Amino acid sequence: MTLAIVCYLIATNVEKFAILTWALIFENAGHVVIFTYLLATGVTGFISAGPPLIMSIILMVLFYVYYRQATS
């Protein structure tokens, strides 16, 4: 729900809320670090940590591309 609200705010006024995109990028980067740690140490398997890791990587890349397009 929070992600939807923040994305809506960014979409309504790109110039004003473009800085929020960095918050989303760092949030997803944190998820990538945590899920990679869980996989690397063997705490969880790929079944439970793999899909959120993949989804966080995709979202992080998309938010970065969106930020680059919004600021250019």
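These legends accompany several close-up views of one predicted model. Residues are numbered from 1 along each chain as its sequence is written, and side-chain values use heavy atoms, with hydrogens and water left out. Because the model is predicted, local features need pLDDT of at least 70 and side-chain atom pairs count only at pLDDT 80 or more, while totals for chains, interfaces and linings use all residues.

**View 1**
The crossing of helix 1 and helix 3 is left-handed, a term for a near helix turned anticlockwise from the far one by less than a right angle. On the helix 1 side, Leu-3, Val-6, Cys-7 and Ile-10 meet Leu-20, Thr-21 and Leu-24 of helix 3.

**View 1. The largest nonpolar core.**
Which residues form the largest nonpolar core? Its 5 residues are Val-6, Ile-10, Leu-24, Ile-25 and Phe-63. A nonpolar core is a set of buried Ala, Val, Leu, Ile, Met, Phe, Trp, Tyr and Cys residues joined through side-chain atoms within 4.5 Å; buried means under 20% relative accessible area, exposed over 50% and partly exposed in between, with a 1.4 Å probe and protein chains only.

**View 2. An aromatic cluster.**
Trp-22, Phe-26, Tyr-64 and Tyr-67 form one aromatic cluster. Rings of Phe, Tyr and Trp (its six-membered ring) pair if their centres lie within 6.5 Å; planes under 30 degrees apart count as stacked, over 60 as edge-to-face and the rest as tilted. By this rule there are 3 aromatic pairs. Trp-22 and Tyr-64 make an edge-to-face pair, because their ring centres are 6.3 Å apart and their planes stand at 65°. This pair links distant parts of the chain, with Trp-22 in helix 3 and Tyr-64 in helix 4 (residues 46–71), 42 residues apart. Trp-22 counts as partly exposed because its relative accessibility is 27%, and Tyr-64 is partly exposed too, at 39%.

**View 3. Helix 4 and its buried residues.**
At 1.5 Å a residue, the 26 residues of helix 4 should span 38 Å, and the end C-alpha atoms are 36 Å apart, which agrees; the expected span is 1.5 Å times one less than the number of residues. Ala-49, Gly-50, Leu-53, Ser-56, Phe-63 and Tyr-67 are buried in this helix. What covers the buried residues of helix 4 includes helix 1 and helix 3.

Leaving aside its neighbours within four places in sequence, Ser-56 is in contact with Asn-28, His-31, Val-32 and Phe-35. Gly-30 and Ser-56 are 26 residues apart in sequence, with their C-alpha atoms 9.0 Å apart in space.

**View 4. Other residues of helix 4.**
Phe-46 sits in helix 4 and touches Leu-39, Pro-51 and Ile-54, not counting residues up to four places away in sequence. From Phe-46 to Ile-5, C-alpha to C-alpha, the distance is 30 Å, across 41 residues of sequence. Ile-47, also in helix 4, is exposed, with a relative accessible area of 80%. Its C-alpha atom lies 28 Å from that of Cys-7, and 40 residues separate Ile-47 and Cys-7 in sequence. Val-65 is another residue found in helix 4; with a relative accessible area of 38%, Val-65 is partly exposed. The C-alpha atoms of Val-65 and Glu-15, 50 residues apart along the chain, are separated by 15 Å.

Key
Helices (H or I, at least four residues) and strands (E, at least two) are DSSP runs, numbered from the N terminus. Contact means heavy atoms within 4.5 Å.
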